[in-house]
Amino acid sequence: MKKIFKVLGTTIVLAVVGFSFTACPPDGPAGCTHQWELESVEEEPTCTEEGLGTRVCALCEEIDDNYILPTVEHDWGEWEITIEPTVSVEGEQTRICSVCGETDEGFIPVLQPTQGLLFTLKNNDTAYSVSRGTATATEVVIPAVHNGLPVTEIGSDGFSNSAMTSILIPDSVTYIGWGAFWGCTDLTNITIPNSVIGIGGYAFNGCTGLTSITIPASVTNIGGGAFAFCTGLTSITIPASVTNIGEGAFAFCTGLESITVDSGNTVYRSEGNCIIQISDNMLIAGCKNSVIPSGVTGIAFSAFNGCTGLTNITIPDSVTNIGGYAFKDCTGLTSIIIPDSVTYIGWGAFQDCTGLTSITIPDSVTSIGSSAFSGCTGLTNITIPDSVTSIGGQAFYRCTGLTSVTLGTITEDNFGTNYAFPGNLREVYFADGGGAGTYTTTNPGWTPTWTKQE
Ligand SMILES: [Zn+2]
Ligand SMILES: [Zn+2]
């Protein structure tokens, strides 16, 4: 019998069945076991309280009406991540029992680096730069260390035009290279670690899926065009640490509504949703909600480039210089009054502002840069005051709506090329009977024929 118990010992039910012919009173023979079956439950057990039930023996029909039902498992909710794991630090998560409210905590293992990444030695073989290599993952994880050396840089062009949706950058990285994420339109999730000092030019150019980005307080340099064409961004905050913002860093960020500079920044400040360089009051970048504060001395290169939502802007009379591409492609502008403090209108300053139907150039302006109003197809007439002594090449090229142009005295050397205006205006101006005056055409377009009004 002992042998049988050994064989069947782990299967009590079989053992019971084996002796089912035996009655099982409490004083029955050894080996007689009640075969209890649960009859009813008086109190359901929970994860903290035992329950109470009644059970009946199927063999002898003895009733046990004080059967203690053991506590049951917690009814855990979903895990919630409290600390995201990185490549070097475990994450943490918690879940809560819906019955007793007990909190359960768990670790999330460190993330495994993406396979196929390409590592390139740099800094005299003391560190690595990383780029995509043959990796095809859409959720990219960059390791902090590779072959025993720190990974300190996202390589130039390293992940450009790839289909990834997220990237985890470890805090060993100090520099994000030129064009590193250029054209990553699916990229929606990126955290720039607060080890990064420099963001290269065009690093995030065209990352249209980004709806927010936090520039950490470690960054000192934001390269030119770094966030250009990030049309999903609605706000940007420049931390106190930033000492250089490149040209057009936020050009064509058509969704941008709010620009803020940390008040602790000693190089830049923000006012009226504009970034202003403190040393010379130059406006560096604006957005569609910008109001240019009085006291600004110049509009920097590309400051409003591609700001299509800008419909109305007043340039205060403290501004002397409108930089190159300052308002290029601001197609929402219908009119602009240039104040009589401005002396220079830069290269391409209002290029392709196709909505402009009216522009006033004051007699303080001495120079109109190349392509300054090129492609402003809505302009029908323009008066260039006597003060202007230089008109750059293609300044009004492609202004196919022009029917009337008034010019002061300009020397041949300072009258751009034949493409400063469409058609033969320059030729007629320097011909006998030309010079200062108003010129009109009855066939506006690419090759109008101009006649001087008497
Ligand atoms: Zn029994
Ligand atoms: Zn519980």
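Modeller: Let's start with one pair: Gly91 sits opposite Ile108 in β6. Before going further, this is a predicted model, where local features need pLDDT of at least 70, side-chain atom pairs count only at pLDDT 80 or more, and totals for chains, interfaces and linings use all residues. Residues are numbered from 1 along each chain as its sequence is written, while chains are lettered from A and ligands numbered from 1 in the order in which they are written.

Back to the pair: β5 covers residues 91-96 and is joined to β6 by six bridges, the two running antiparallel. Strands count as paired if DSSP finds at least two bridges between them. Both belong to an open three-stranded sheet, ordered β4-β5-β6 with antiparallel pairing. At its edges are β4 (80-83) and β6 (103-108), each pairing on one side only. From one strand to the next, the twist averages 35° (axes are lines fitted to C-alpha atoms, with angles from 0 to 180 degrees between N-to-C directions).

Now the whole chain: it has three helices and 33 strands, which are DSSP runs (H or I of at least four residues for helices, E of at least two for strands) numbered from the N terminus. Its radius of gyration is 38 Å, well over the 22 Å from the globule rule for 454 residues, so the chain is more spread out than a compact globule. That radius is taken over C-alpha atoms, and the rule is 2.2 Å times the number of residues to the power 0.38. Along the principal axes, the C-alpha atoms fill a box of roughly 135 × 55 × 40 Å.
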